[in-house]
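User: I would like to learn how to read the features of a protein model. Please take me through one.

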Amino acid sequence: MCIRENPDVIVKDFLPVLREGFKRHGIATDVYSTIGADNCPYVLTYTALQSWDFALYLSHAELRLERDGRQVAFAEYHLKGKGGLSVAKWQSVKSKMDPVIDQLLK
C-alpha cells in the first residue's frame, strides 16, 4: 500500500506509527510525496492535528483509504473538547492510532 506523505502534519512519530500499524496487519507500505495513479491501487491519505496543554498531544486524526481513486474506508480519532481535563489526552500517538488503524482495516 502507498501512503501519500502529508508535509503539513507535524505530529511527532505519526507516520512511523501508521507504517508500524499496517505492518502489524501484514501490510507493507511505501511513502511517497506524489503518487501516480498507475503506481498504487491502494493509497492512504491522512491528516493529524495536535493541541497544547502544557505539552503537545494528538487531538484529531483522519485516515482515508482509496482504491483506484475511490474511497473504500475511513477512520477517525477525535478528542471531544480537545480532551478537557482527561489525562488520557497525553497518551502516545501509537496508543491513540492503533485502534483507528484496526477500525480502518476491518
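Analyst: This is a predicted model. A place to begin is a pair of cysteines, C2 and C40, both of which are buried.

User: How far apart are the sulfur atoms of C2 and C40?

Analyst: In general, a disulfide is a covalent bond between the sulfur atoms of two cysteines. Here the sulfur atoms of C2 and C40 are 1.6 Å apart, and the two residues form a disulfide. The cut-off applied to the sulfur pair is within 2.5 Å, and by this rule the count comes to 1 disulfide.

User: Where is the pairing parallel, and over how many bridges?

Analyst: Strand β1, residues 2–4, pairs with β2 in the parallel sense over 3 bridges. C2, the disulfide cysteine, stands opposite D30 in β2.

User: And in what sense do β3 and β4 pair?

Analyst: β3 and β4 pair in the antiparallel sense, over 11 bridges. T45 stands opposite R64 in β4. For β4 and β5 the sense is antiparallel over 8 bridges, and E66 has Q71 in β5 as its bridge partner.

User: How many residues lie between the strands in the hairpin of β3 and β4?

Analyst: That hairpin has 3 residues between the strands, and F54 takes a positive phi near 70° there. F54 is at 74% relative accessibility and therefore counts as exposed, the cut-off being over 50%. The hairpin of β4 and β5 has 2 residues between the strands, and D68 in its turn has a positive phi of about 50°.

User: Where is D13, another residue with a positive phi?

Analyst: D13 sits in the loop between β1 and α1. Its phi is near 70°, a positive value in a residue other than glycine. D13 is partly exposed, with a relative accessible area of 43%.

User: At what angle do α1 and α2 pack?

Analyst: The general idea is that two packed helices are described by the angle between their axes and the distance between the axes. α1 and helix α2 (residues 93–104) pack at an angle of about 45°, and their axes are 9 Å apart. The two helices are therefore oblique to each other. The crossing in which α1 passes α2 is right-handed.

User: Which residues meet where α1 and α2 pack?

Analyst: On the α1 side they are F14, V17, L18, G21, F22 and R24. In α2 they meet V93, K94, M97, D98, I101, D102 and L104.

How values were computed:
Residues numbered from 1 in each chain as written. Predicted model: local features only at pLDDT ≥ 70, side-chain atom pairs only at ≥ 80, totals over all residues. Heavy atoms only, no water. Pairing = 2+ DSSP bridges. Helix = DSSP H or I, 4+ residues; strand = E, 2+ residues; numbered from the N terminus. Buried < 20%, exposed > 50% of the residue type's maximum accessible area, 1.4 Å probe, protein only. Axes fitted to C-alpha atoms, helices over the stretch in contact; angles between N-to-C directions. Parallel < 35°, antiparallel > 145°, perpendicular 65-115°, else oblique. Left-handed = near helix turned anticlockwise from the far one by under 90°. Contact = heavy atoms within 4.5 Å.
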